[in-house]
Number of protein chains: 2
Amino acid sequence: MQLSSRFSISLHMLVAMEVFKDEKVTSSCLANSIGVNPVVIRRILSQLKEAGIVEVKRGSGGAKIVKPLTEVNLLDVYRAVEVSPNALLFNFHDNPNPDCPVGKNIHSILDHRLVEAQNALESQLKDQTLADVMTEAYEKIN
Amino acid sequence: MQLSSRFSISLHMLVAMEVFKDEKVTSSCLANSIGVNPVVIRRILSQLKEAGIVEVKRGSGGAKIVKPLTEVNLLDVYRAVEVSPNALLFNFHDNPNPDCPVGKNIHSILDHRLVEAQNALESQLKDQTLADVMTEAYEKIN
DNA sequence: ACTCGATGTAACAGTTAAAGTTACAATTCA
DNA sequence: TGAATTGTAACTTTAACTGTTACATCGAGT
């Protein structure tokens, strides 16, 4: 099972917002670059806004990044749109049998292991900032 | 978005198979400990069997682990039931616009970053073996 | 004040994958 | 042979993502 495409879409959005920061970046223009419906873009913009990463102007339109690129890492984006803080990456079966010695203890045996794996993923995301991504983006684009 | 519960179910199954290895461990008895339908168990057993981790006896019934516990790590299990080798954890949007400078380059900018994050998760899983899990399981159960 | 272009969101449909369930042929062994 | 079990197909249910339409609301310029 795969995670959603919201994370890659978000990063694409942020790169485009930065590359085209001197123009008005609307949800339609992002949708055009990304190849999805503008409403999908607006929904994700709303999550990134919630996280304090972007600002969207109503009426006249346009979205832009409002935090310094060095201060936004990929974990911030991931948490805004994919797995929120305190949420678990791995689903755990709901009804282990408390009358079975294994069922009774399975959470205490596994929970921390699943969390550690999740932490490994998240730490790696935390080490990459939007500034890093933009540096590479400008190299590739030019 | 969360991954499926197949991973936690698989680990629960393997712990139970080991704890009850002197008895006949059928899909119904696993289903009873885990709290899911026996067919769900058989489907997962079939994936673990495919991966060479377990053997299931037809007719008379019963499943058991066939590899040394020190030689099965959590990544083996994860790959058997959740994200197969070569598959990507993060979904990537299908149609970035090749006529947009960002859309044209987004894969080369992001792909390796997503893979690195996935690798971090998988490396961490690789460091834990079933033997480790069983050591803790016996501690907790007794 | 009006209008135009854009956002925010609700509502619903389509799609996909997981998980539940039933059913039954095939298998093993007493 | 018969009972228990596996393997698997088929279908249903559920949940989440994604696509789409629609429309109220907003902001800025005329």
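The questions and answers below concern a predicted model.

User: How many residues of chain B are in contact with chain A?
Analyst: The contact between the two chains can be counted from either side. Chain A contributes 53 residues.

User: Which helix of chain B gives the most to the side that touches chain A?
Analyst: The elements that give two or more residues to this side of chain B are helix 1 (6–19), helix 2 (27–34), helix 5 (101–126) and helix 6 (130–141). The one that gives the most, with 17 residues, is helix 5 of chain B.

User: Are helix 1 and helix 3 of chain A roughly parallel or roughly perpendicular?
Analyst: Helix 1 (residues 6–19) and helix 3 (residues 38–50) of chain A pack with their axes 11 Å apart, at an angle of about 80 degrees. Angles of 65 to 115 degrees count as roughly perpendicular. Therefore helix 1 of chain A is, relative to helix 3 of chain A, roughly perpendicular.

User: Which residues of helix 3 of chain A are met by residues of helix 1 of chain A?
Analyst: By class, this contact has 5 nonpolar, 1 polar and 1 charged residues. Helix 1 of chain A brings A:Arg6, A:Ile9, A:Ser10 and A:Met13. In helix 3 of chain A they meet A:Ile41, A:Ile44 and A:Leu48.

User: Which element gives the largest share of the surface near DNA strand C?
Analyst: DNA strand C is surrounded by 26 residues, and the closest are A:Ser27, A:Gly61, B:Ser5, B:Val39 and B:Gly59. The largest share, 5 residues, comes from helix 3 of chain A.

User: Is A:Asn86 buried or exposed?
Analyst: A:Asn86 is in the loop between helix 4 (74–81) and helix 5 (101–126) of chain A. Its phi is positive, about 75 degrees, although A:Asn86 is not a glycine. A:Asn86 has 6 C-beta neighbours inside 10 Å, so it counts as exposed.

Notes. Residues numbered from 1 in each chain as written. Chains lettered and ligands numbered in written order. Predicted model: local features only at pLDDT ≥ 70, side-chain atom pairs only at ≥ 80, totals over all residues. Contact = placed C-beta atoms within 7 Å. Helix = DSSP H or I, 4+ residues; strand = E, 2+ residues; numbered from the N terminus. Axes fitted to C-alpha atoms, helices over the stretch in contact; angles between N-to-C directions. Parallel < 35°, antiparallel > 145°, perpendicular 65-115°, else oblique. Nonpolar A, V, L, I, M, F, W, Y, C, P; charged D, E, K, R; others polar. Near = placed C-beta within 6 Å. Buried ≥ 20, exposed ≤ 12 C-beta atoms within 10 Å, placed from the backbone.
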